[in-house]
Amino acid sequence: MDPDDKNFVKEGRAEIFSPARVFYNPVQEFNRDLTIAVISEHVKDHYKLLRERQGKREQEQPGNDDGIADALCDPDKEGIKYKHGIRILEALAASGLRSVRFALEIPGIQQIVANDFSEDAVNFIQKNTVHNQVSDLVKPSMSDASMVMYQNRKIADRFDVIDLDPYGSASPFLDGAVQALKDGGLLCVTCTDMAVLAGNVPETCHSKYQAVSLHAKFCHEQALRILLRCIESHANRYSRYIIPLLSVSADFYIRIFVRVYTGQNQVKQSACKLSMVYHCVRCGNFTLQPLISKIQTSNGGYKFSPARGPVVLPECDICSSKQNVGGPVWNAELHDVDFVCRVLDRVEQNKDKFGTSDRLRGVLTMITEELPQVPFYYVNDELSKTLHCNALRMMDLRSALLHAGYEVSFSHCHKNSVKTTAPMDIIWDIYRCWVKKHPVNESWLRDDSPVKTILSKEPSFEAIFDEHPNANPASRKKGLLRWQHNPGKDWGPKAKATKSDNASLDKRRERGLEKAKERKRKAVKQDIDYKQFPCKRFKEGCCDLGDECRYSHSISVPQLNCSNSNHSNSNCKGSSCGEQS
Ligand SMILES: C[S@@+](CC[C@H](N)C(=O)[O-])C[C@H]1O[C@@H](n2cnc3c(N)ncnc32)[C@H](O)[C@@H]1O
Ligand SMILES: [Zn+2]
């Protein structure tokens with residue numbers, strides 16, 4: 001292998017040959033680093049369990065006569081085979097980079113099956129395995145991913161860890177995965193079909209995940225909760241259930257880590273972890289409707305019964321607008337915070353090991369700060385946008401909530417998120433107090449607008465905006481890297497690998513850039529100032545271009561020219577709007 005080759009990739013301790021016709025996405029290094037940290041902690045638990053089961057505590061002796069580490073102490077050497085180590089299946093392995101990194105960077109592995117249905121990919125898995133001297137640990141396999149999992153359903157054949165990292169949705173592979181894991185086995189799942197999970201196509205979301213996704217500001221957390229519920233429902237069919245360890249929304253994908261257990265009693269509780277979601281289309285108010293209630297019985301036991309509903313009136317109790325209904329979603333915890341703290345410790349103690357350690361520290365710290373039992377969040381800029389008022393600083397809103405006796409946290413899913421135990425009307429009370437000091441323009445107070453409905457009510461208390469000692473969380477105080485800044489050229493889910501080579505891919509990329517430049521030149525010629533138009537992606541919470549975005553991220557974009565009261569603001573095209581006065 002020639003290290004100067006353009007197709008030669010170094011990541012972690014691995015050196016991989018990865019031509020364009022085999023999939024490789026450099027932006028997913030964060031995903032792979034995170035997975036290595038999580039599986040390493042899983043190995044610790046695996047050995048703890050083994051020791052408990054066998055009651056043995058031997059001195060560590062990696063590498064006995066047959067070259068296999070045999071002791072049951074926590075393994076500490078990577079790259080060697082452990083007789084009692086874990087078995088991993090990477091069901092969709094592409095170049096094998098992930099599997100090779102597992103072999104080189106996670107101690108305590110017995111075997112990794114690196115599977116792909118593409119012959120090309122498997123040839124590269126083979127080459128890369130030999131080049132990185134991990135042929136003892138990594139076994140290339142060419143098969144359909146589901147088939148491998150169905151063939152390993154027998155208890156003796158099941159895996160300790162299954163990693164699913166597909167193009168788009170992981171849903172076709174979930175049924176096989178929940179059956180091919182050992183009791184307590186770890187399932188790691190990526191989904192990159194965010195448009196589906198985030199509410200753009202609710203009917204497709206239903207066909208893939210059996211849940212309706214809503215077009216809501218909390219869409220990234222919704223994606224996590226839809227996927228978790230979907231895995232749980234697959235598991236339940238086989239008397240199994242899941243315990244989420246870590247659920248992450250990052251860049252253009254979600255990544256979740258859950259343990260799968262067997263137990264009919266726990267499976268019954270699954271019904272209590274489901275909720276439908278009502279969501280107001282105008283003010284963003286949301287309410288969860290559980291499907292099953294667990295009721296205490298007189299003899300100290302409990303029974304299940306259908307939940308009472310509906311929990312909301314047909315119209316939003318805050319702004320009287322219509323509400324959509326979505327779900328069902330997972331309504332229980334997204335993470336096991338103790339486990340996340342262990343992963344965070346591992347990252348902090350091995351900073352040099354992970355190329356993305358700064359971001360890992362930031363995101364994991366934020367996750368440990370999230371309110372664990374509060375599904376979803378509001379987005380602060382969206383609240384001020386709804387009222388067309390001056391922006392209320394995040395620290396001021398957080399302080400006001402804390403002074404009023406409520407808990408508050410960020411969500412790692414969104415920069416300006418507000419997770420809180422306060423009902424939405426309390427948040428509006430805080431905004432009502434704010435607006436008294438910073439009145440909104442009279443023109444927004446039309447009869448049919450949520451602005452008027454919300455502001456016509458007096459606040460039920462006097463909000464205190466003085467900085468509260470807990471308003472600034474540690475992750476923010478320490479200035480940890482919590483968000484990816486200005487994504488680079490490779491950002492985004494990559495298309496399926498093609499037969500073309502890198503050179504032609506580069507040419508296509510160059511042509512794309514040239515076209516974009518041409519469009520910009522034309523715009524300048526026509527003297528179009530895009531900054532007068534609001535950025536749709538920013539509004540949806542997914543524009544990461546910051547100041548570089550050619551559209552406006554300001555909430556005070558003048559759309560006031562439009563006199564048509566039926567004309568929704570989000571559709572207004574500013575100076576090009578046909579319905580203007
Ligand atoms: C997104 S790539 C995997 C990337 C890899 N996990 C990594 O971290 O670099 C998806 C891979 O899945 C393979 N694939 C897609 N459907 C499959 C199936 N049903 N069975 C096996 N492999 C499949 C494709 O050939 C492709 O190489
Ligand atoms: Zn409303």
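Two strands pair if DSSP finds at least two bridges between them. Strands (E, at least two residues) and helices (H or I, at least four) are DSSP runs, numbered from the N terminus. This is a predicted model: local features need pLDDT of at least 70, side-chain atom pairs count only at pLDDT 80 or more, and totals for chains, interfaces and linings use all residues. Residues are numbered from 1 along each chain as its sequence is written, with chains lettered from A and ligands numbered from 1 in the order in which they are written.

**Stop one: a sheet.** Select S411, which stands opposite H414 in β17. Widen to β16 and β17 (residues 414–420): three bridges join these antiparallel strands.

**Stop two: V189.** Find V189 in strand β7 (residues 181–191). Is V189 buried or exposed? V189 is buried, with 25 other C-beta atoms within 10 Å (buried means 20 or more, exposed 12 or fewer, partly exposed in between, with C-beta atoms placed from the backbone). Show L164, A170, L227 and I256: V189 touches them, leaving aside residues up to four places away in sequence (contact means C-beta atoms, placed from the backbone, within 7 Å).

**Stop three: two helices.** Select α10 (residues 337–349) and α11 (residues 357–369). Their axes come within 10 Å and cross at roughly 155° (axes are lines fitted to C-alpha atoms over the stretch in contact, with angles from 0 to 180 degrees between N-to-C directions). That makes α10 roughly antiparallel to α11 (over 145 degrees; under 35 is roughly parallel, 65 to 115 roughly perpendicular, the rest oblique).

Technical notes: Contact = placed C-beta atoms within 7 Å.
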